[in-house]
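Please read the following note with the sequence and the model open beside you.

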Amino acid sequence: MTRARVCAAGKVGATLIVLVSCAVARPGLASEGKTRASQERIAVEGFRGPPAQRLQGALENGLVGRYYVVPDVSVEEMARRRGVVLVGDRDFAQVGRALQVRGFVSAEVQRRGLWQVQVLVRRGDTGAPVGRFMVAHRRLDGLESVLTRRAPGRLAALLSPAAPGSLSVAVAANPVEPA
């Protein structure tokens, strides 16, 4: 066999393996859809601040396994349909009930020596602020990692039925040593 025929045969073999693995994984996709439908829905609003999109992506990546993340475009579209601007509790409640979300997450990114993300969590049905938490780190990539790991647990604690009305939590990973 020439080298060209071997390469072509290798490509065909790889294609068959991919097709077989897709066919085997197909039944799992249906059960994944069922679990996604039963997951709680969280709306993540656009973050504000310098590297906001990057850190919003990190938070959303952390939430994906535990929650269904409603895109901020869907939230904005529903607010537009309802004729509200997301400012007060009633506005958030109206959009939250329409989208059937458990909560809203918004955040502001700042750099004051450390990179900081201050996250505000609101209930989806009432729009009332439930609490806020802060995540801080020296480096931006470290902040991204900490936010991905710790935000889902903090969010679950704030949105649990047993959570107090206002809970404030601070998370500092790799803090600066006091002078």
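How close do the axes of helix H2 and helix H5 come, and at what angle do they cross? The model is predicted, so that local features need pLDDT of at least 70, side-chain atom pairs count only at pLDDT 80 or more, and totals for chains, interfaces and linings use all residues. Residues are numbered from 1 along each chain as its sequence is written, and side-chain values use heavy atoms, with hydrogens and water left out.

1. The axes of H2 (residues 52–63) and H5 (residues 140–159) come within 8 Å and cross at roughly 40 degrees.

2. Where H2 meets H5, the residues in contact (heavy atoms within 4.5 Å) include Leu55, Ala58 and Leu59 in H2 and Leu143, Leu147 and Ala151 in H5. The residues of this contact divide into ten nonpolar, three polar and three charged.

3. Strand E4 (residues 114–123) pairs with strand E5 (residues 129–137) in the antiparallel sense over eight bridges, where pairing asks for at least two bridges found by DSSP. The two strands form a hairpin with five residues between them, and Gly127 in the turn has a positive phi of about 80 degrees.

4. Gln116, placed in E4, is buried, with a relative accessible area of 12% (buried means under 20%, with a 1.4 Å probe and protein chains only). Gln116 touches several residues, including Met134, Ala136 and Leu143, and although Gln116 and Ala136 are 20 residues apart in sequence, they are 4.3 Å apart in space, C-alpha to C-alpha.

Note on methods: Helices (H or I, at least four residues) and strands (E, at least two) are DSSP runs, numbered from the N terminus. Buried means under 20% relative accessible area, exposed over 50%, partly exposed in between (1.4 Å probe, protein chains only). Axes are lines fitted to C-alpha atoms, for helices over the stretch in contact, and angles run from 0 to 180 degrees between N-to-C directions. Ala, Val, Leu, Ile, Met, Phe, Trp, Tyr, Cys and Pro count as nonpolar, Asp, Glu, Lys and Arg as charged, and the others, Gly among them, as polar. Lists of a residue's contacts leave out its neighbours within four places in sequence.
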